[in-house]
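Have the sequence and the 3D view open as you read.

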Amino acid sequence: MKLVKPFETSFGVAHERRILLVEAEVDGATGWGETVAGDTPFYAPETVETAWHVTRAFIWPMLKGREFQSAAEVWGLLRRIRGHNMAKGGVEAAVWDAEARLKGQPLWKLLGGVREEIPCGVSVGIKPFVEELITTVGQELEAGYQRIKIKIKPGWDVQPVARLREKYPRIRLMVDANSAYRMDDWETLKRLEAYYLMMIEQPLGWDDLYSHAELQKKLETPICLDECIHTEEQARAAIELGACRIINIKLGRVGGYTPARRIHDLCQERSVPVWCGGMLESGIGRAHNIALSTLANFSLPGDVSASRRYWEQDVIEPEVEVSRQGTIRAPAGPGIGFEPVRERIEKLTVNREVLE
Ligand code: OSB
Ligand code: MG
């Protein structure tokens with residue numbers, strides 16, 4: 001799927017997304033999931049190809065013909081597979097959708113969600129000029145979004161943040177570095193504190209909790225971890241070490257709803273707020289992110305936003321829309337509550353494998 005506009009982060013530019021969708025047949029019901037691995041291993045270790053391989057060669061044989069009572073058991077059935085969370089998460093989410101459809105219930109309710117409306121923010125990519133950033137942010141605020149996150153990297157940090165703050169003194173503003181800095185850069189990050197950011201997301205190494213704990217001691221601004229939190233154990237370690245004060249939960253990065261809910265509950269016990277991150281998902285992954293965001297401790301606006309920000313035409317109906325107040329209403333229909341449009345998906349499909 002071609003993005004309506006390119007999205008630049010510290011690790012690269014995306015013009016389009018190759019998206020791996022999973023359709024799971026469970027007791028005659030069909031559920032859909034999205035495996036959020038990217039084309040490159042530059043955000044996380046998995047790629048579309050590794051996820052495809054692990055799904056067909058390891059995940060499928062462990063689930064094929066297995067009897068289980070609930071999608072909540074899938075994570076446990078896959079425990080022999082180490083890592084490959086995105087591959088697991090795509091399949092697990094599809095089984096959850098199928099279970100909710102079998103029960104005629106919205107997935108978010110089945111998961112224990114409590115929020116009828118989720119607060120939305122946007123993630124704004126790196127731009128060639130500050131003027132363009134300011135225009136884009138102005139449009140997002142006009143659309144109602146409650147929080148602005150901008151991507152930063154060395155050379156695109158203090159200046160764009162300062163200019164944005166000058167223009168919009170009162171907005172909820174944060175930055176995401178996607179691991180572009182080293183501990184030696186801490187003084188640059190310290191300078192960002194003059195602009196009262198809500199948080200600084202993943203400034204240091206993708207798997208480096210220790211350095212984040214050291215950095216958090218030097219900063220007043222909360223650090224939020226994204227890349228570092230790929231398991232419940234890492235989440236616990238991050239909280240105990242003081243490596244962050246906020247956690248971004250992504251279904252794919254942690255391996256599905258079971259680990260996502262455990263991390264959510266752990267954070268809730270420790271009074272660590274969480275929010276739902278995005279991976280430039282199609283409508284299917286987006287619908288799952290909405291379901292996850294209804295859990296009680298998703299108290300901060302996340303990166304889940306309207307379909308039209310990404311796609312000319314999404315693969316679900318209705319498309320995801322955001323209210324003038326910057327919220328998305330949790331859907332009333334069964335399962336993910338949005339219908340995948342088969343003809344549109346077929347048209348976009350370049351490779352398919354049926355496992356049976
Ligand atoms: O770090 O949150 C991230 C996109 C791709 C990979 C990593 C990230 C992102 C985003 C975009 O920030 C979130 C979205 O709008 O879906
Ligand atoms: Mg991030």
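A residue is called buried when its relative accessible area is under 20%, exposed when it is over 50%, and partly exposed in between, using a 1.4 Å probe on protein chains only. By that rule arginine 147 is buried, because its relative accessible area is 0%.

A quick word on the ground rules: this is a predicted model, where local features need pLDDT of at least 70 and side-chain atom pairs count only at pLDDT 80 or more, while totals for chains, interfaces and linings use all residues. Residues are numbered from 1 along each chain as its sequence is written, and side-chain values use heavy atoms, leaving out hydrogens and water.

Arginine 147 sits in strand 7; strands are DSSP runs of E with at least two residues, helices are runs of H or I with at least four, and both are numbered from the N terminus. Not counting residues up to four places away in sequence, arginine 147 touches several others, including Trp275, Met198 and Asp303 (a contact means heavy atoms within 4.5 Å). A polar atom of its side chain lies 3.3 Å from the backbone oxygen of proline 301.

Which residues hold the magnesium ion (ligand 2) as protein donors? They are Asp176, Glu201 and Asp226, at 2.1 to 2.3 Å; donors are N, O and S atoms within 2.8 Å of the metal (3.2 Å for Na, K and Ca), and with water not among the atoms, sites may look incomplete. Aspartate 176 is in strand 8 and glutamate 201 in strand 9, so the pair ties together parts 25 residues apart in sequence. Both aspartate 176 and glutamate 201 are buried.

Notes:
Chains lettered and ligands numbered in written order. Polar contact = N/O pair within 3.5 Å; in protein donor to acceptor, adjacent residues only side chain to side chain.
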